[in-house]
Amino acid sequence: KVGEHLRPVTVEEILFFYSLDKATYFATADNRHYPADFSLEYLEEILDPGRFFRINRKYMVSLPAILDIISYSNSRLKIRLKHSTDEDVIVSREKVSDFKLWLDR
């Protein structure tokens, strides 16, 4: 929903989902950000795990969203995402192994 309008967005257009100020949003390939009607927890349950991976409490990403992956402190990974203004997108330590497996699929 955008104002009074409902805008259909396909899953293929979505680069990543994120939480901000207790709300959930998603970013699209055309650099637009929209509010989502669902929590990240619910989205994690209903979306294809081959397409999206929950890297931490704040982000669920797709492969096309990832620009760069950098080794980070304490065996974590830092990710640069397309159309993200957040400098610190970190794969949590507990998720690094599963994330690497997800990348290799």
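User: How many salt bridges does the structure hold, and what makes a pair of side chains one?

Analyst: The structure holds six salt bridges. The term applies when a side-chain nitrogen of Lys or Arg lies within 4 Å of a carboxyl oxygen of Asp or Glu. This is a predicted model, in which local features need pLDDT of at least 70 and side-chain atom pairs count only at pLDDT 80 or more, while totals for chains, interfaces and linings use all residues. Residues are numbered from 1 along each chain as its sequence is written, and side-chain values use heavy atoms, with hydrogens and water left out.

User: Why is the pair E41 and R54 called a salt bridge?

Analyst: The N to O distance between the side chains of E41 and R54 is 3.4 Å, which is within the 4 Å limit, so the pair qualifies. E41 sits in helix α1 and R54 in strand β4, 13 residues apart, and the pair links distant parts of the chain. Here helices are DSSP runs of H or I with at least four residues, strands are runs of E with at least two, and both are numbered from the N terminus. E41, E44 and R54 are linked in a network of salt bridges.

User: Are E41 and R54 buried, partly exposed or exposed, and how do you know?

Analyst: Buried means under 20% relative accessible area, exposed means over 50%, and partly exposed is in between (1.4 Å probe, protein chains only). R54 has 9% relative accessibility and is therefore buried. E41, at 47%, is partly exposed.

User: What makes D68 and R80 a salt bridge, and where do they lie?

Analyst: Their side chains meet at 4.0 Å, N to O. D68 is in strand β6 and R80 in strand β7, 12 residues apart, and this pair too links distant parts of the chain. D68 has 31% relative accessibility and R80 has 45%; both values lie between the two cut-offs, so both residues are partly exposed.

User: How do you know that K78 and D88 tie together separate parts of the chain?

Analyst: The closest N and O atoms of K78 and D88 are 3.7 Å apart, and the two form a salt bridge. K78 belongs to strand β7 and D88 to the loop between β7 and β8, so the bridge joins parts that are 10 residues apart in sequence. D88 is partly exposed, with a relative accessible area of 46%.

User: Why is the ring pair F53 and W102 called tilted?

Analyst: A pair of aromatic rings is described by the distance of the centres and the angle of the planes. Rings of Phe, Tyr and Trp (its six-membered ring) pair if their centres lie within 6.5 Å; planes under 30 degrees apart count as stacked, over 60 as edge-to-face and the rest as tilted. The structure holds 11 such pairs. In F53 and W102 the centres are 5.6 Å apart and the planes are at 35°, so the pair is tilted. F53 is in strand β4 and W102 in helix α2, 49 residues apart. At 12% relative accessible area F53 is buried, and at 6% so is W102.

User: What makes one side of helix α2 a buried face?

Analyst: The buried residues of α2 (residues 96–104) are V96, F99 and W102. Seen down the helix axis they fall within an arc of 120°, so they line one face; the arc is that of the directions from the axis to the C-beta atoms. The face turned away carries the exposed residues S97, L101 and D104. Among the elements that cover the buried residues are β4, β5, β6, β7 and β8.

User: Why does T28 count as buried, and what does it touch?

Analyst: T28, in strand β2 (residues 23–28), has a relative accessible area of 2% and is therefore buried. Not counting residues up to four places away in sequence, T28 touches V9, E13, I14, L15, Y34 and H83, where contact means heavy atoms within 4.5 Å.

User: What makes N74 and S75 stand out in the backbone?

Analyst: Most residues other than glycine have a negative phi. N74 has a positive phi of about 55° and S75 one of about 60°, although neither is a glycine. S75 is exposed, because its relative accessibility is 59%.
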